[in-house]
Structure formats: structure tokens, C-alpha cells
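Please read the following report alongside the sequence and the coordinates. It moves from the chain as a whole to individual residues and the pairings between them.

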Amino acid sequence: MRICMVTDFFYPSIGGVEEHVFNLSQILLSHGHKVIVLTHCYGDCRGIRYLTNGLKVYYLPIKPFYNQCILPTILCQIPLIRCVLLRECIEVVHGHSAFSTLAHEAMIIGNMLGLRTVFTDHSLFGFADLSAVFTNKMLEINLANVNHCICVSHIGKENTVLRARIPKEKVSVIPNAVDTALFTPDPSKRPVDGTINIVVASRLVYRKGIDLLAGVIPRFRHTPKINFIIVGDGPKRDLLEEVREKVNMQDRVELIGAVEHSQVRDILVRGHIFVNTSLTEAYCMAIVEAAACGLQVVSTRVGGIPEVLPSNLIILTEPEIDSVYQGVLKAINRYRCFFNNQRPTLLGTSVNGGVHVVGYGAMKTAHEQKSATLTKSRHVNSGVHKVKHAKNTGAFKGIEDMEAVLCPYKCNEIVSTLYNWENVTQRTERVYARILVEPEKSLGALLWGYLRSKNIYDHVAIWRKPKN
């Protein structure tokens, strides 16, 4: 197959959509498909560039208008996009992100050229505010003739079906993935003096719940050996700096700023707990990467997040300051109870009548790691363990039935079985194969599809309504 990925968000920009398009394209190339990427120019990055494994990228000479997206014109970009699609003999046009103007225009042009079109929605939208109403109406028009849609979570599918008014049979759920070979644990990078590092990695904007984070941080000002490492940048950074100064936590709250995606893993492995305070998410890549690095994940229960990780890898909270604070305390208590107070009992030994606690304190060499795995397999049948008879055990008093902290390497193993790019690519290929056998729509059918979209139909009905 000859596939064209289209989006306004691609390298050198960094983000979830960029990672998804790049990794999906790489696996498709390894399967023998022809793949190109269509995006707008980024500064001096324009023209045709070749990335890893010969991935061909067209940086069109179109400057972004707002928030890395081009100005929506539909007609003005027809010559450029048509030339690329015909020149590369494209069969499938795959657009990414509801925010991407270029993706929507390329899919419309692809439909007019008789090509098959697929759209992947990476975000959730509301229905009440003005920007959501406008975006949803435009999405309804643009997806009127798309052959198939892909969403990254089931809640995202419900959201897209309601917003775009498309049949649910035309929408598939294919999650994102993470390269667990790159995001691997390294417990040796963590503090050895009992300090617990809490990591936050996201854009510092309102939608990511930074106001919640700003309310949680001051509550730890009197709690010793609790540090925060915050990665990312955005308009809410000033708020975090103000809170840090106000509660005098300059030496305990580290604001790193924006970093390259390749450096995120080196920061994650320094932490014990990862906190996500998003107010809305279709699928959160950050929590999957953190879990792959062996961190306990504390996240708000919003959007598609409850679908992403199993319960033994994540602590879900409500999007409220008190609830997030309690979730972080729960994660901290797990570490303190199972790793500080019971340090000599790690690696599969018995505690008060058969309670097995598996840790990673001694996993320094490959030989020791292998021995620990063998010991664990003899004594433990599952990756997660619960404390039994905790009422009379002293150190475990008050934490009856609390799940133990998973070994970081076990976390990485679980994530690798749940999410990998090979599986995502195979499922996407099945979507491509399905739409390629669909009959081609005539020009009249395409125009009627756009006319049936509620936005245009209502305007036509109003225009044709006779005046009294």
C-alpha cells in the first residue's frame, strides 16, 4: 500500500501526535509499505526531508497560522496537496488530530481524487463552549465522506461519534503504544537516602490540571524527603514558580522546562511516583511511559485514562485537590511501608506467615536480577501481592489489604504485553485493507455527503425557507 500521513504536528515539534505518526510510519515501512508524511514547514525546515529508514517528509511551504496549525482555506492548498498525492501515487490518505487543518483539507482533496481516507482522533472535546461548537461542526463536515475513523480509547470513540455524527460501525478503537525497549527502569538513578521523587511531565496548561498540581504541592511543605520534578513548559509555569516561592520549596520543587522526548526517560527513572492531573484526556501517553519505567502512577479519573492501565499499575483519583493529594499519600505510604520499614524482607522472603514482598533494592547486576526472578517465581504466582494479617505486624498496621509496590521490571513487562507498536500497526493495516475494497464514491455522492452534514443542511434549509 502507498500511504500518506497528514498532520500539522510533526517533527521538529514534539508531542503525542508527532510520536504516534512517526512510530506508526516506521513499522509500516518495515512491513514493506510506501509511507510519506505531509506537514507544513517549521522555520528553515522546508522542502523534502528523509528521516529514519527512508521516511519521506514533505514540509510544504505553508506557514502556521495559530497554535502550529495552518489557516483553513480548503481551496488555496489544492495545487500543492494534489501534486504530492498524484506524484507519490497515494492510495490511502491518513489524517491525524481534529486540530489539524492540513489533515482535514488533505482528506477532502483525497476524497475528490477518489482516494481512500482514514482519520485518527487523538483528543476529547466538549459540547458547550463556543470553540467546541465550532470545531465539532467543522469536524462533522470534514468526516462526512471519510471511509473510516480511528480513536485511541473507547471513551474517545463515544465522543467522536456524538460530535461528528458518524455511524459507530465506521469507528475503530486502536490505542497508542510505547517503545518499552527505550523506556526501561533504572532504580540505581533514584535517591538512596529515603527521599521520594514525584515526577510530573506534561504541558503546563489549564487542560492538564496544573491548577490542581499547584494546590497539591504546598501540602507537602512540612513533609520531609518529598521532592517534585516537573518537566514541561507553558503559560501555567508562572503559577508553579509563584507557589514554589510562596511556600519556600525552591530546593524541593525542580522545574526543568521543556525537554526533547529522548530525554524524558532519563528524568522518569529518577522518580518513584508519577502524577498526572489532566482534566480531560482521550489517552495519556505519559502515564504509559512512566509505568514502563517502573513508577507508581497517580492520575485523575477522566476521559479514557481508566482504560489505559490495569488497577495494579495506577491509582485513580477525582479531579480535585483533596483527592489527588490522598492518592499521592497512598503511593508514598506504599513505598515507606514496603521498602523502608521492611528493607531486609525484599526479594521474595516471608513476612509473618507467608506474605511475600518483591522489591528491587538488590537488582544491580544481571546475575542478581535473574536470581531474584527465580526466587520470585518459586514463591509468588502473580505480579501483585496483598498484605495479609496486617493488623498485628507492626510496620503494616493500618494498611490491611493494600497492594504492594510492583517491581519496576515487572511493570515494564506488563506494559510491553499491553501496548506495542507492532500490534497497533497490524490493526491499522486491517483498517486500510478494509477500506481499499470499498466501492469508490461518485462526485455526486461526495457532494451529497457534505450537504447532509447538519451544519450545511441547516444553513440550506434556512436559506430556502420562505419569508413571511
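## Surface and overall make-up

The accessible surface of the chain comes to about 21700 Å², and 54% of that area belongs to carbon and sulfur atoms. This is a predicted model, so the values given here should be read as properties of a prediction. The chain has 468 residues, of which 54% are buried, and its secondary structure consists of 16 helices and 16 strands.

## Confidence along the chain

The mean pLDDT of the chain is 81, with 82% of the residues reaching 70 or more. Over residues 343–401, however, the pLDDT is below 50, although this stretch has 88 contacts in the model beyond near neighbours in sequence. The pLDDT is also below 50 over residues 459–468, a stretch that has one contact in the model beyond near neighbours in sequence.

## A nonpolar surface patch

On the surface, Phe-65, Tyr-66 and Leu-71 form a nonpolar patch that together presents about 390 Å² of accessible area. Of these residues, Phe-65 is placed in the loop between β4 (56–60) and α2 (78–87). Phe-65 counts as exposed because its relative accessible area is 59%, against a cut-off of over 50%.

## Cysteines

The count of disulfides in the model comes to zero. Cys-149, for example, is in no disulfide, and the nearest cysteine sulfur, which belongs to Cys-151, is 6.7 Å away; a disulfide would require the two sulfur atoms to be within 2.5 Å.

Cys-149 is buried, with a relative accessibility of 3%, and Cys-284 is likewise buried, with a relative accessible area of 5%.

## Salt bridges

The structure holds eleven salt bridges. One of them joins Arg-163 to Asp-121, with the closest N and O atoms 3.0 Å apart. Because Arg-163 lies in helix α5 and Asp-121 in strand β6 (residues 116–121), this pair ties together parts that are 42 residues apart in sequence. Both partners are buried, Arg-163 at 3% relative accessibility and Asp-121 with a relative accessible area of 2%.

Another salt bridge is formed by the side chains of Glu-241 and Arg-237, at 3.1 Å from N to O. These two residues both lie in helix α7, where they are four residues apart, about one turn of the helix; Glu-241 is partly exposed, with a relative accessible area of 27%. Arg-265 forms a salt bridge with Asp-266, the closest N and O atoms being 3.6 Å apart. In that pair Arg-265 is buried, with a relative accessible area of 19%, whereas Asp-266 is partly exposed at 44%. Lys-34, Lys-56 and Glu-88 are linked in a network of salt bridges.

Which residues are in contact with Ser-153, once its neighbours within four places in sequence are left aside? They are Val-173, Ala-282, Gly-304 and Glu-307.

Gly-234 lies in the loop between β10 (226–231) and α7 (237–246), and this glycine counts as partly exposed, with a relative accessibility of 25%. The C-alpha atoms of Gly-234 and Ala-258 are separated by 8.7 Å, while the two residues are 24 residues apart along the chain.

Tyr-450 has its place in helix α15 (residues 443–452). Is this tyrosine, Tyr-450, buried or exposed? At 10% relative accessibility Tyr-450 counts as buried, because buried residues are those under 20%.

Although Tyr-450 and Ile-141 are 309 residues apart along the chain, their C-alpha atoms are separated by 5.9 Å in the model.

Key: Residues are numbered from 1 along each chain as its sequence is written. This is a predicted model: local features need pLDDT of at least 70, side-chain atom pairs count only at pLDDT 80 or more; totals for chains, interfaces and linings use all residues. Side-chain values use heavy atoms; hydrogens and water are left out. Patches are made of residues with over 30% relative accessible area and no salt bridge: like charges are joined within 9 Å, nonpolar side chains (Val, Leu, Ile, Met, Phe, Trp, Tyr) within 5 Å. Accessible areas come from the Shrake-Rupley method with a 1.4 Å probe; for residues, only the protein chains shown count as cover. A salt bridge is a side-chain nitrogen of Lys or Arg within 4 Å of a carboxyl oxygen of Asp or Glu. Buried means under 20% relative accessible area, exposed over 50%, partly exposed in between (1.4 Å probe, protein chains only). pLDDT is the predictor's confidence in each residue, from 0 to 100. Contact means heavy atoms within 4.5 Å.
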